[in-house]
Amino acid sequence: LLYTIKFELFYCMAKRKRKTPAASKDAIGARNWNRLYAELSSKTSNQKYSPHKAKTGDASKMILQSDKDLERETDECELISKPSCPQTSEIITQRVALDCEMVGSGPSGATNQLARVSIVNVHGHTVYDQIVLPRENVTDYRHSITGLDKETISTKGRAFKEVQKEVADMIDGRIIIGHDIKHDFSCLGFSHPKSLIRDTAKYKPFRVASKGKTPSLKKLCQLMLNYDIQNGVHNSVEDAIATLQLYKKHRAAWERSIKKHRKKYNEKNAIEESDTKNQV
């Protein structure tokens, strides 16, 4: 077997010899020997060769990742089963999911006030979870939904400005996954580039599955993931993981649709700019 593989290798190198620049021969030889070793190992050990494994380690090394790492980051992580006890982590990946809980202020508690914000990384691990002191007087804690009350917020809450800055710094330049996330950013008091948002309430196939209406996160989880959330008190960590699950399951088609839309948009702009120049 080894003799056959060596023969094929030398034949391949001889065939490419005239087309290969001298400066790149060493690099090509190294790649061929790596491939040979991989093939030999796979045939003798009956184990599937895996050239890449999910990265783990120091958080500072994980913060900035290349586009290829983004693909691996999502592709190589299996869908996370519904967690009974979510894990925490210091690793902030390039794609994170965010969800907020709001209490009410003003007449009848109709005005949303940020009370809790949670962020999970692409592996479903909590990287940020903080209760927030509302900026205005709370008239409705929405306890049956948020699980929060005056005592919990007053003893565990942190100043809004502090949390706002920490969240803004954490998600800067990252792809944010959420559900109807405009409400979350409204309560956080800042915006995020549209190109870096993946909103499960706006994704067209999800809306089609909901008969054209804006689907609730609970309904999407039932339809797409076959499990229930929000049975009673809502949990912003659990909701963030749910939006992450939905995105990861449909990521390939979702990202393709975005690239296609951007291509059409760029082509349209190019035509308009060309027409403008011709008129001048």
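A salt bridge is a side-chain nitrogen of Lys or Arg within 4 Å of a carboxyl oxygen of Asp or Glu. In this structure, Arg-95, Arg-198 and Glu-255 are linked in a network of such bridges. This is a predicted model, in which local features need pLDDT of at least 70 and side-chain atom pairs count only at pLDDT 80 or more, while totals for chains, interfaces and linings use all residues. Residues are numbered from 1 along each chain as its sequence is written, and side-chain values use heavy atoms, with hydrogens and water left out.

**Salt bridges**

- The count comes to 6 salt bridges.
- Glu-255 and Arg-95 meet through their side chains in one of them, at 3.8 Å from N to O. Glu-255 lies in helix 11 and Arg-95 in strand 1, so this pair ties together parts that are 160 residues apart in sequence. Helices (H or I, at least four residues) and strands (E, at least two) are DSSP runs, numbered from the N terminus.
- Glu-255 also forms a salt bridge with Arg-198, and here the closest N and O atoms are 2.8 Å apart. Arg-198 lies in strand 6 and Glu-255 in helix 11, so the pair ties together parts that are 57 residues apart in sequence.
- Buried means under 20% relative accessible area, exposed means over 50%, and partly exposed is in between (1.4 Å probe, protein chains only).
- Another salt bridge joins the side chains of Glu-166 and Arg-158, at 2.6 Å from N to O. Glu-166 is partly exposed at 30% relative accessibility. Arg-158 is partly exposed at 26%.

**Aromatic rings**

- The whole structure holds 5 aromatic pairs. Rings of Phe, Tyr and Trp (its six-membered ring) pair if their centres lie within 6.5 Å; planes under 30 degrees apart count as stacked, over 60 as edge-to-face and the rest as tilted.
- Tyr-203 and Phe-206 have ring centres 4.9 Å apart and planes at 85°, so they form an edge-to-face pair.
- One aromatic cluster is formed by Tyr-203, Phe-206, Tyr-247 and Trp-254.
- The charged end of Arg-135 sits over the ring of Phe-160, 4.1 Å from the ring centre. A charge sits over a ring if NZ of Lys or CZ of Arg is within 6 Å of the ring centre and within 35 degrees of the ring normal.

**Largest pocket**

- The largest pocket has a volume of about 680 Å³. On a 1 Å grid over the protein atoms alone, a cavity is a set of points where a 1.4 Å probe fits but cannot get out, and a pocket is an open set with protein on both sides within 12 Å along at least five of seven lines; lining residues have an atom within 4 Å of a point.
- Its lining has 19 residues, and Lys-194, Ile-197, Asp-199, Lys-202 and Ile-258 lie nearest the centre.
- Helix 8 (182-188), strand 6 (197-199) and helix 11 (236-279) each give two or more residues to this lining. Helix 11 has the largest share, with 6 residues.
- The lining divides into 7 nonpolar, 5 polar and 7 charged residues. Ala, Val, Leu, Ile, Met, Phe, Trp, Tyr, Cys and Pro count as nonpolar, Asp, Glu, Lys and Arg as charged, and the others, Gly among them, as polar.

**Second largest pocket**

- About 390 Å³ of space lies in the second largest pocket.
- This pocket is lined by 16 residues, of which Asp-99, Cys-100, Glu-101, Met-102 and His-234 are the closest to its centre.
- Strand 1 (95-105), helix 5 (143-146) and helix 8 each give two or more residues to the lining. Strand 1 gives the most, with 4 residues.
- The lining residues are 4 nonpolar, 6 polar and 6 charged.

- Thr-146 is in helix 5 and is buried, with a relative accessible area of 5%. Thr-146 and Met-102 are 44 residues apart in sequence, but their C-alpha atoms are 7.2 Å apart in space.
- Arg-142 lies in the loop between strand 4 (138-140) and helix 5. Arg-142 is not a glycine, yet has a positive phi of about 50°.
- Gln-230 is in the loop between helix 10 (217-225) and helix 11. Its phi is also positive, near 55°, and Gln-230 is buried at 18% relative accessibility.

Conventions: Points joined across faces, edges and corners; volume = space filled by probe spheres on them.
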